[in-house]
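The sequence and the structure are shown below.

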Amino acid sequence: LQECIDETCIRSMLIIMTCLEASFRMDYEYRSERKLEDSLSRKFCEIYEKKKNKAILDRDIFDAWKTHRNEKMALISELKTAFNLRDWIAHGRYTTPKIGRNFKYEAVYKLAVEVNEQFFPESSVTL
């Protein structure tokens, strides 16, 4: 029973991280297509000109957020670590995860709620 619960928690973390990625990618596309004037949107436009919808989440989108919204830097760093967990889950979990900390479902959920509130307060996405 505990193994089933643990597996359900892992799958739930994957779904939460997927929703977060979608929020960041939708924001990236929105800012790029509308050519907004703030520095983050201008950076997204530069990335979009080169990569279109193939921007890399952690290197392009997250790094742009860190550079142009440095008040969010700590949260972005936490997100990058959490997405290392997501990558480990998505790629078969056949190695020892190198994520820097032990994420449990509750921690991932709390992080997702905080990110949603801080980055996308107008969003209707529910976790």
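This is a predicted model: local features need pLDDT of at least 70, side-chain atom pairs count only at pLDDT 80 or more; totals for chains, interfaces and linings use all residues.

Y48 is partly exposed, with a relative accessible area of 21%; the cut-off matters here, because buried means under 20%.

In total, ten aromatic pairs are counted. One of them joins F24 and W65 in an edge-to-face arrangement. F24 belongs to helix 1 (residues 2-34) and W65 to helix 3 (residues 57-68), so this pair ties together parts that lie 41 residues apart in sequence. Both partners are buried: F24 has a relative accessible area of 0%, and W65 has one of 3%.

Y48 takes part in another pair, in which its partner is Y28 and the rings are tilted. Y28 lies in helix 1 and Y48 in helix 2 (residues 39-51), and the pair links these distant parts of the chain, 20 residues apart. Y28 is buried, with a relative accessible area of 1%, whereas Y48 is partly exposed.

The geometry of the two pairs is set out here.

| Pair | Centre to centre | Angle between planes | Arrangement |
|---|---|---|---|
| F24 and W65 | 6.2 Å | 85° | edge-to-face |
| Y28 and Y48 | 6.0 Å | 55° | tilted |

**A cluster of rings and a charge**

Which residues do ring pairs link into a cluster with F24? The cluster consists of F24, F62, W65, F83, F119 and F120. F119 also has a charged neighbour: the charged end of K72 sits over the ring of F119, at 5.4 Å from the ring centre.

Conventions: Residues are numbered from 1 along each chain as its sequence is written. Side-chain values use heavy atoms; hydrogens and water are left out. Rings of Phe, Tyr and Trp (its six-membered ring) pair if their centres lie within 6.5 Å; planes under 30 degrees apart count as stacked, over 60 as edge-to-face and the rest as tilted. Helices (H or I, at least four residues) and strands (E, at least two) are DSSP runs, numbered from the N terminus. Buried means under 20% relative accessible area, exposed over 50%, partly exposed in between (1.4 Å probe, protein chains only). A charge sits over a ring if NZ of Lys or CZ of Arg is within 6 Å of the ring centre and within 35 degrees of the ring normal.
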